[in-house]
Amino acid sequence: MRRALTLARRAWGRTAPNPMVGCVIVRNGEVVGEGYHKQAGLPHAEPTALAAAGDKSKDATLYVNLEPCSSQGRTPPCVEAIIRGGVRRVVIGCLDPFPGHEGRAVAALESRGIKTAAGLLKEAAENLNEAFLCRARRGRPFVLLKMAMTLDGKIATAAGESKWITGPKARRKVQRMRQWSDAIMVGGETVQQDNPDLRVRSPARWPRQPLKLIWSARHDFSDVLRIWQDRKHPPSFLKPKTPDEWREALEHLAQREISALLIEGGGELAAACLRAGIVDKAAFFIAPKILGGRHSRPVVAGPDPGSLADARNLNDMKTERVGEDLLVTGYLSDVHRSY
């Protein structure tokens, strides 16, 4: 199963709106076939592994990190390929949570005499596809709030200067987050001050650029800004304010098969998302710099809290050294999880 997860990660950011899936086939203690889903519309992991195994799939055990598909989509159902391959046992990381799909492949396989077991390395399997699972279970994208700040919690000077707070290794890490995302949202002030393009720039010629979203009620931005470089895919504007408006906006994005939403700032947008309770996970890059200044811009702005009880706690917090910077991640809610 660990090998299946490793294979699945090879397609990081390329499979949307599908999940990342890897598959390994073992017979008599030997790996006889393996594969992974490389891109939406291409063969799934299971038939790829079965093709590699050939006749050796008969009476073998198949390991896959997500329950095999059991319905016709862009490709045929994987369950049928597994049955034809003569596999004796199927081990699954986590079930497919889409309505009408969960457990259906397990039932179909067992009805044909194929033994199944689900839940092996379940936490790792769910974490890998947490955005896909969130859209399946909640009908909205998984929301990742990414911010970069100084040690004293500042993202820019009072005049708005912010480049660059963090170092090159942290910025490369952000490119990987953009690869994962289906949409990126920034505030209007960030568009004006930072002039971002909101594109995946590394590696070059990345095949799947995220949808660009500007959180702003005004639309009169200069068309020479970098966010308008791609004339075929201009940014969209939206300005939800209340929790209900945010939920409606997220549901609309989910209907467009947006599973992963990356919030990149600034401080007012970060505060609005946190107040609305839509943030699933936070990723804060902390640079070893102290900016100071009463009017320097805070990483999370918005109205002043009434007490410390209003603070939002992180669950499952992790820290990671990224070059000279520190990355702190954690979950603000567990809506995408079943464990």
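Is Arg-199 buried, partly exposed or exposed, and why? Arg-199 counts as partly exposed because its relative accessibility is 26%; the class lies between buried, under 20% relative accessible area, and exposed, over 50% (1.4 Å probe, protein chains only). The legends below begin with the whole chain and then turn to single sites.

The model is predicted, so that local features need pLDDT of at least 70 and side-chain atom pairs count only at pLDDT 80 or more, whereas totals for chains, interfaces and linings use all residues. Residues are numbered from 1 along each chain as its sequence is written, and side-chain values use heavy atoms, with hydrogens and water left out.

**Figure 1. Overview of the protein chain.** The protein chain holds 10 helices and 15 strands; these are DSSP runs numbered from the N terminus, helices being H or I of at least four residues and strands E of at least two. With a radius of gyration of 22 Å, close to the 20 Å that the globule rule gives for 339 residues, the chain is as compact as a globular protein of that length. This radius is taken over C-alpha atoms, and the globule rule is 2.2 Å times the number of residues to the power 0.38. The C-alpha trace spans about 70 × 45 × 40 Å along its principal axes. Of the 339 residues, 50% count as buried. Among contacts (heavy atoms within 4.5 Å) with a separation of 6 or more, 73% come from residues 24 or more positions apart. The chain exposes about 16,600 Å², of which carbon and sulfur atoms supply 49%; accessible areas come from the Shrake-Rupley method with a 1.4 Å probe, and for residues only the protein chains shown count as cover.

Figure 2. Side chains of opposite charge can pair when their charged atoms come close. A salt bridge is a side-chain nitrogen of Lys or Arg within 4 Å of a carboxyl oxygen of Asp or Glu, and by this rule the count comes to 16. One of them joins the side chains of Glu-130 and Lys-281 at 3.8 Å, N to O. Glu-130 belongs to helix 6 (residues 130-138) and Lys-281 to strand 12 (residues 281-287), so the pair links distant parts of the chain, 151 residues apart. Both Glu-130 and Lys-281 are buried.

**Figure 3. The salt bridge of Glu-264 and Lys-146.** The closest N and O atoms of Glu-264 and Lys-146 are 4.0 Å apart in this salt bridge. Glu-264 is in the loop between strand 11 (260-263) and helix 10 (267-276), while Lys-146 is in strand 6 (residues 142-150), 118 residues apart. Glu-264 and Lys-146 are both buried.

**Figure 4. The salt bridge of Arg-199 and Asp-230.** The side chains of Arg-199 and Asp-230 meet at 3.7 Å, N to O. Arg-199 is placed in the loop between helix 8 (188-194) and strand 9 (211-215), and Asp-230 in the loop between strand 9 and strand 10 (236-238), 31 residues apart. Elsewhere, salt bridges that share partners join Lys-146, Arg-178, Asp-197, Arg-201, Arg-226 and Glu-264 into one network.

**Figure 5. Asp-325, a buried residue without a salt bridge.** Asp-325 is found in strand 15 (residues 325-331). Asp-325 is buried and has no salt bridge, and the nearest side chain of opposite charge, Lys-289, is 6.5 Å away; Lys and Arg count as positive and Asp and Glu as negative, with His and the chain ends not counted. The side chain of Asp-325 reaches the backbone nitrogen of Gly-167 at 2.8 Å. Beyond its neighbours within four places in sequence, the contacts of Asp-325 include Thr-166, Ala-170, Ile-286 and Glu-320.

**Figure 6. Arg-208 and its surroundings.** Arg-208 is located in the loop between helix 8 and strand 9, and its relative accessibility of 18% makes it buried. A polar contact of 2.7 Å joins its side chain to that of Asp-182. A polar contact is a pair of N or O atoms within 3.5 Å; within protein, one must be able to donate a hydrogen and the other to accept it, and residues adjacent in sequence count only if both atoms are side-chain atoms. Leaving aside neighbours within four places in sequence, Arg-208 is in contact with residues including Gly-13, Arg-14 and Trp-180.
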